[in-house]
Structures are given as C-alpha cells and as structure tokens.
Amino acid sequence: MAKNVENLSLNLVRFLAEDEKQYYVDENIYITMNAQDFGLKHLRTDQPYRVDEGRVMMVTQGWVRVVINLEEQRLEQQSLIVLVADSIFEIQEWSDDFDLRAFSFKDLPLFTSINQQTYLALNDDEWRLVNEYMELLWHETRYQPLQPEVITHLQTALLLELKRLADRKETLRQQTATRQDKIFHQFLRLVNLYGIRERKIEFYADKLCVTPNHLGAVIKKSSGLTVMQWLNHHAIQKIKVLLRYSDLPIWEVAERMNFANPSFFSKFFKGEVGMTPGEYRNGK
C-alpha cells in the first residue's frame, strides 16, 4: 500500500508542538532544544516526510536510523545532519531514549550554501561549539519581539562552521574511501540532481567516466539494487509529493517528471506503487 508523503511544514510543526517552553516556531523559524517534549512522538516510523526549508538536527542522546533523499544514515549521539530544502526523509527506527535539538533555516546568504544533505559525527570540541551556537539561538528566541536579523546572523555563522567541518571531513573521507564507495556516493548525488529528467544509465556512467556495465555492477554490489531501481525510487518520491501537495493535473505531473505521455506515466506509477496516480491523490 502506498505511503503518503506528509509535508512537515512550520505550520504543522507548530500544531504538533505541546510544551511551548521547549520550542519556538513561527512562519520563518523553528527551534527546539528537547524534541521529546516538543512533539517527537507524533512522528511515525516508515512514513515519508517532506521539509520545505532547511533543517539542522543534532542527536543529543540515543540513535536513529533514517533514509534521506535515498541515502540511509544511522545517527548516533553527538552527531548531526543538515537537511536542505525540499528533502524527503523517512525514519526507519529509533532508540527509546532518542532525542535531538533542531532548528530550521531559509533565505540565508548564498556563501553559506550546503546544497546536499550532510552528515557529521562530531568530536567533543566540535560538539561543544555547535551547542554554544544553539544556546545562543535559543536565547535570542526568548526575547520578544523577535529580532530576525540577529537570528539570521547566528544561523549564517553556524552554517558556515558546519560547512567548514563538512569540507574537512569530506577531504579525509576521500583519502580513505575505495573507488567503489566514491562511485556509489557520487551516483546518489547525481540522481538527486538530475533524476527527474535523466533516467538512463548511460547519462550517469558518462558523468562518472565509467562504462554503463561497470556502473551497474558497482551500484548493485554496493547497495543490492540496480541503477534503474534507484532511479525509479527517486522518481516515485518526487511524483508522490507533486500528487499530494500540488493542484497540478496528472498530465502536467507526467510532463514535469519528463514522461513521454500520461498513459506511460500512469502505467509506471501503478507498477511501482500498486495504484494509479488518481487513486493515490484521492487517498485510496
């Protein structure tokens, strides 16, 4: 049975929040220092969620296993993940004591740009630094009326710190990663960038400077899935969001997703999901 992708907008976050001492949320920013008291229990496992704006989520205790834009991550205590706008995530499981701190961000200067989801396992000094920024952000939201420019400057500074840490850790990872690991992770990044309009293995093989046969073998060995299964999974995620959260007619969804015609689009969707696009949109 298909899973509806729920839009985890700031309005929904505000609706889920229970103890206002543990969060601040308006139309521009959300921040929580204790998600257990904030409303974490309302989130469900095996349910896809979409975020409109970027999010930084810091695991303060326990662990969580989550799939974000096709990539599975297990986040342990003293790690964090940066979600970019329009990300789709699905929680697979979490420990009973799992908790996090989190804040949203949008409309920040371009030089802070983190253009893909970024996972960071932090050492003690790095964790202390990030928490100091979080405490400052939390402190500023306690003052009303809110001063948006102060919040923006603090978020900008924190995102720059995270970008610096991510760049340094990526350099170290590249030095130790196998050629197969590099190809697989580069492939997933390319799928998230081009998957809507490019669904042929030759395109990705060309981008990665390998043969289609070699790429297919590497992806299968690394993940247990074929290139086409990854591409189809990405397409289905995007289609579900358009069907559920837009008023576009189905033929226009098909066109936007680069299908030759609505008939082929409907056949593809039903083969992957088990129902027609119209049935999915109507919640059947």
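## Close-up views of a predicted model

**Figure 1. Overview of the chain.** Among contacts in the chain (heavy atoms within 4.5 Å) between residues at least 6 apart in sequence, 71% join residues at least 24 apart. The model is predicted: local features need pLDDT of at least 70 and side-chain atom pairs count only at pLDDT 80 or more, while totals for chains, interfaces and linings use all residues. Residues are numbered from 1 along each chain as its sequence is written, and side-chain values use heavy atoms, with hydrogens and water left out. The chain has 11 helices and 11 strands; these are DSSP runs numbered from the N terminus, helices being H or I with at least four residues and strands being E with at least two. Of its 284 residues, 48% count as buried. Buried means under 20% relative accessible area, exposed over 50%, and partly exposed in between, with a 1.4 Å probe and protein chains only.

**Figure 2. The open sheet of 6 strands.** The strand order is S2-S3-S10-S5-S8-S11, with antiparallel pairing. Two strands pair if DSSP finds at least two bridges between them. Strand S2 (23-25) and strand S11 (118-121) stand at the edges with a single partner strand each, so one side of each has no neighbour in the sheet. From one strand to the next, the twist averages 15 degrees. Axes are lines fitted to C-alpha atoms, for helices over the stretch in contact, and angles run from 0 to 180 degrees between N-to-C directions.

**Figure 3. Strand S8 and its partners S5 and S11.** Strand S5 (residues 54-61) is joined to S8 by 5 bridges, and the two run antiparallel. On the other pairing, 4 bridges join S8 (residues 79-83) to S11, again antiparallel. Ile81 takes part in both pairings: Met57 has Ile81 as its bridge partner in S8, and Ile81 has Tyr119 as its bridge partner in S11. Ser79 stands opposite Ala121 in S11.

**Figure 4. Side chains of S8 and the residue Thr118.** S8 is mostly covered, with 5 of its 5 residues buried. In a regular strand the side chains alternate between the two faces of the sheet. Ser79, Ile81 and Leu83 point one way from S8, and Leu80 and Val82 point the other way. Thr118 lies in strand S11 and is buried, with a relative accessible area of 14%. Leaving aside residues up to four places away in sequence, Thr118 touches Leu80, Ile81, Val82 and Ala166.

**Figure 5. The salt bridge between Asp86 and Arg50.** Side chains of opposite charge can pair when their charged atoms come close. A salt bridge is a side-chain nitrogen of Lys or Arg within 4 Å of a carboxyl oxygen of Asp or Glu, and the structure holds 10 of them. In the bridge between Asp86 and Arg50, the closest N and O atoms are 2.5 Å apart. Asp86 lies in the loop between S8 and strand S9 (88-94) and Arg50 in strand S4 (residues 48-50), so the pair ties together parts that are 36 residues apart in sequence. Asp86 counts as partly exposed at 38% relative accessibility, whereas Arg50 is buried, with a relative accessible area of 15%.

**Figure 6. The salt bridge between Arg65 and Glu93.** The N to O distance in this bridge is 3.1 Å. Arg65 lies in strand S6 (residues 63-68) and Glu93 in strand S9, so the pair ties together parts that are 28 residues apart in sequence. Arg65 counts as partly exposed at 21% relative accessibility. Glu93 is also partly exposed, with a relative accessible area of 34%.

Figure 7. Elsewhere, salt bridges that share partners join Arg50, Asp52 and Asp86 into one network.

**Figure 8. Helix H6 and the residue that follows.** In helix H6 (residues 201-208), the buried residues are Phe203, Tyr204, Ala205 and Leu208. After H6 comes Cys209, whose phi is positive, near 60 degrees.
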